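Work through these exercises with the model open. Try each task before reading its solution.

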Amino acid sequence: MKILKFGGTSVGSAERIKSLLEIVDPAERQIVVLSAVSGTTNVLVEISQAFLDGKRDEAKKLIHEHKEKYKQLVQDLFSTEEGLKKGNDLIDYHFNLIESLGNDIFTHTEEKVILAQGELLSRTLWHFHLTEIGVSSVLLPALDFMKIDEDNEPIVDYIAEKLQPLLDEHPDNSLFITQGYICRNSFGEIDNLRRGGSDYTASLIGSALRADEVQIWTDIDGMHNNDPRVVSGTKPIAHLSFDEAAELAYFGAKILHPQSVFPAQRYNVPVRILNTMNPQAPGTLISKEGSPNGMIRAIAAKDGIAAIHIHSTRMLLAYGFLRKVFEIFERYKTPIDMITTSEVAVSLTIDDTSNLLDIIKEVELFGKVGVDEGQTIICVVGDFAANTHGYAARVLDAVKHLPIRMISYGGSDYNVSILLDTVHKTEALRSLHNRLF
Ligand code: ADP
Ligand code: ASP
Ligand code: MG
């Protein structure tokens, strides 16, 4: 069994939706995971924000504008009267629901229902289209099997337990379609796997079913060796190990959701990144095989980082100090990404700043605290094992003209990370690219 995930641009127009069958072979038993049509989730975020801010007129204007785009999509996608009616009814249903949610008290619970509408729409639109052209497919409602726990962690065993019987009900069908991104939380409410979460859905399903392969179909020919939005001349990487891909995704390579590699790695399901616009391109294979030695493989950057610096003479020759500091972050469920220490000071970074003020108040009990927001982590992935030499020096040499706030080396064999102010990010990525590749 294969899991194929198509991203927003891959389902971004009627033309694209129709051409999915050039890639999907309906005779092969598989699950297709669809994202929302490109741009949709951004608009749903804007609509929700307008409702949260009490700006109902603004929200309604956005709803009507976006509904018109979907009406056009339905016109272009369906050719029979029945297809057009089903498509238009579907659009009316979802957009009426979005509008009605703003008529009453609007909280983050209603927001999450609105954010789910993009994936609910795209999956059913494709199913209706397939029905119209006589291709049989089965809808699998993600809300019936995708679940996260109270820490927002997906539950792979639950997914397997709920999904397998749904598949078993249809032994003679081969093409199953489901929604990416959306799930239920521990209260049973509609929730999501965070932005870009359809990749995560595909990898979780692949892991739950121990699939042969997960394919992430997107708008570029694989994971490139640097961010193509910032640096020109980037190249696709043919093969990455799970560890390397996980570092790149976690530290900012937008092509993959930050957590999407972990379940695939745990259950050893290979992930292939492929290009919908150029299906023949080999793309990137992510698997457990290691990469050739002695190479710098790729660079990624993650913005929106806060660096926290704690200076405390109590740290001198003390044990248990770091544990006490880390416990504060644990209590606020705030992951720490980078850390560097000296005898009397520790610097660490977080990207979730929602509890920053409370965290600082508590950390201040230990010593003097300084915070720098607007930082970027640049992560260089390659062979940095202890028995290799010269590679870390090359990384630092490439950014020697820029002010560096932190350096992390030796945490793993395949990663060097540096922290700098986001204003220097573009220059750092370009300089690293020019000197390392
Ligand atoms: P989808 O909608 O298919 O999920 P995304 O927009 O989430 O697509 O991810 C694909 C985009 O990721 C590419 O178009 C590219 O601009 C961006 N990107 C950022 N870093 C990388 C990288 N290292 N390799 C390839 N693409 C990257
Ligand atoms: N539609 C969602 C988003 O835009 C999920 C995804 O595209 O993967 O974030
Ligand atoms: Mg994406």
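Predicted model: local features only at pLDDT ≥ 70, side-chain atom pairs only at ≥ 80, totals over all residues.

Residues are numbered from 1 along each chain as its sequence is written, chains are lettered from A and ligands numbered from 1 in the order in which they are written, and side-chain values use heavy atoms, with hydrogens and water left out.

**Exercise 1. Which residues of the largest nonpolar core touch the most other members?**

Step 1. A nonpolar core is a set of buried Ala, Val, Leu, Ile, Met, Phe, Trp, Tyr and Cys residues joined through side-chain atoms within 4.5 Å. Buried means under 20% relative accessible area, exposed over 50%, partly exposed in between (1.4 Å probe, protein chains only).

Step 2. Pick out the residues. The largest core has 105 residues, and Phe6, Ile31, Ile47, Trp126 and Leu163 touch the most other members. Helix H5 (residues 108-132) gives the most to this core, 10 residues. Helices are DSSP runs of H or I, at least four residues, and strands are runs of E, at least two, numbered from the N terminus.

Step 3. Look for another core. A second, separate one has 20 residues, including Val231 and Phe384.

**Exercise 2. Is Asn226 buried or exposed?**

Step 1. Locate Asn226. It sits in the loop between strand S7 (213-218) and strand S8 (239-241).

Step 2. Check its area. Asn226 is buried, at 2% relative accessible area.

Step 3. List its contacts (heavy atoms within 4.5 Å). Leaving aside neighbours within four places in sequence, they are Val231, Thr234, Ile299, Leu429 and His433. The side chains of Asn226 and His433 form a polar contact of 3.3 Å. Such a contact is a pair of N or O atoms within 3.5 Å; within protein, one must be able to donate a hydrogen and the other to accept it, and residues adjacent in sequence count only if both atoms are side-chain atoms.

**Exercise 3. Which residues come nearest to ligand 1?**

Step 1. Take the 16 residues around ligand 1: Lys5, Thr218, Asp219, His224 and Lys254 come nearest.

Step 2. A polar side-chain atom of Lys5 lies 3.0 Å from an oxygen atom of ligand 1. A polar backbone atom of His224 is 2.8 Å from a nitrogen atom of ligand 1.

Terms used: Near = heavy atom within 4 Å.
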